[in-house]
Amino acid sequence: MTEAATILFEERQIRRRVAELGDAITQDYAGRSPVLISVLKGGAIFLADLIRCIDLPVRMDFMSISSYGGGTKASGVVRILKDLDQDIGGEDVVVVEDIIDTGLTLSYLLSTLVAREPASLAVCTLLDKSARRIPPLEIRYRGFDCPDRFVVGYGLDHEERFRNLPMILAVESQAKLAEDPSVLVPFLTAGDRQPPSPAAPDRA
Ligand code: PRP
């Protein structure tokens with residue numbers, strides 16, 4: 001389609017894996033009502049699909065964070081721009097991320113959430129760029145191991161665009177993409193959107 005990017009995870013592959021993760025959470029939290037927390041913005045797409053694959057009365061909540069200036073990604077220390085609406089004290093909490101890269105952001109966030117004394121705290125990420133991990137992290141639910149590539153789509157952006165791509169792309173040439181971001185536009189219509197059919201439930 002274009003040499004600037006190739007498909008790393010197809011839409012169907014993502015849908016199937018999200019359903020499997022939802023089933024695992026449904027089984028692990030049977031009889032309970034976990035709170036799923038997403039860190040805006042990328043994780044929101046994954047969270048929206050994931051909760052519809054969980055057969056429990058879950059709640060969802062969102063946090064928005066920002067780096068403290070230039071060097072912060074190196075420390076992971078973040079400023080909370082929007083905090084949770086709900087108190088998570090005594091609750092079962094699952095933090096839902098689109099991608100864990102160095103793990104610094106999540107490591108810092110987990111330490112702030114632990115201080116609020118949830119009954120339990122687990123991590124669910126769609127993509128795990130494990131080769132880049134700095135602090136050790138326990139990830140209970142992992143969609144795919146992700147190669148150390150620049151990835152876009154399904155929540156992951158290129159300069160705030162293309163989060164709505166139905167698949168996840170690996171960018172082959174960041175130079176080409178920087179020069180002309182519209183090279184990704186053809187992928188927007190390359191999904192496998194189908195009209196809903198009562199005879200074909202879309203969970204497998
Ligand atoms: C991404 C992702 C994680 C973080 C992971 O968010 O959603 O929150 O980076 O990076 P780390 O493991 O190296 O700390 P990003 O900062 O791109 O914000 P966005 O979701 O709004 O695009």
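Which residues are the closest to the ligand, and how many surround it?

## Surroundings of the ligand

In this predicted model, the ligand is surrounded by 15 residues. E97, D98, T102, G103 and T105 are the closest.

By type, the shell around the ligand holds seven charged residues, four polar ones and four nonpolar ones. Two elements, strand 5 (92-100) and helix 4 (104-114), each contribute at least two residues to this shell. Strand 5 gives the largest share, with four residues.

## Backbone contacts and cover

For D101, the distance between a polar backbone atom and an oxygen atom of the ligand is 2.8 Å. At G42, a backbone N or O atom is 2.9 Å from a ligand oxygen atom. For K41, a polar backbone atom and an oxygen atom of the ligand are 3.0 Å apart. On its own, the ligand has 500 Å² of accessible area, and the protein covers 80% of that.

## The protein chain

The protein chain has 204 residues, and 45% of them are buried. Its secondary structure includes nine strands and six helices.

Among contacts in the chain with a separation of 6 or more, 66% are between residues 24 or more positions apart. The chain exposes about 10400 Å², of which 51% is supplied by carbon and sulfur atoms.

How values were computed. Residues numbered from 1 in each chain as written. Predicted model: local features only at pLDDT ≥ 70, side-chain atom pairs only at ≥ 80, totals over all residues. Heavy atoms only, no water. Near = heavy atom within 4 Å. Polar contact = N/O pair within 3.5 Å; in protein donor to acceptor, adjacent residues only side chain to side chain. Areas by Shrake-Rupley, 256 points an atom, 1.4 Å probe, with all protein chains shown as cover. Nonpolar A, V, L, I, M, F, W, Y, C, P; charged D, E, K, R; others polar. Buried < 20%, exposed > 50% of the residue type's maximum accessible area, 1.4 Å probe, protein only. Contact = heavy atoms within 4.5 Å.
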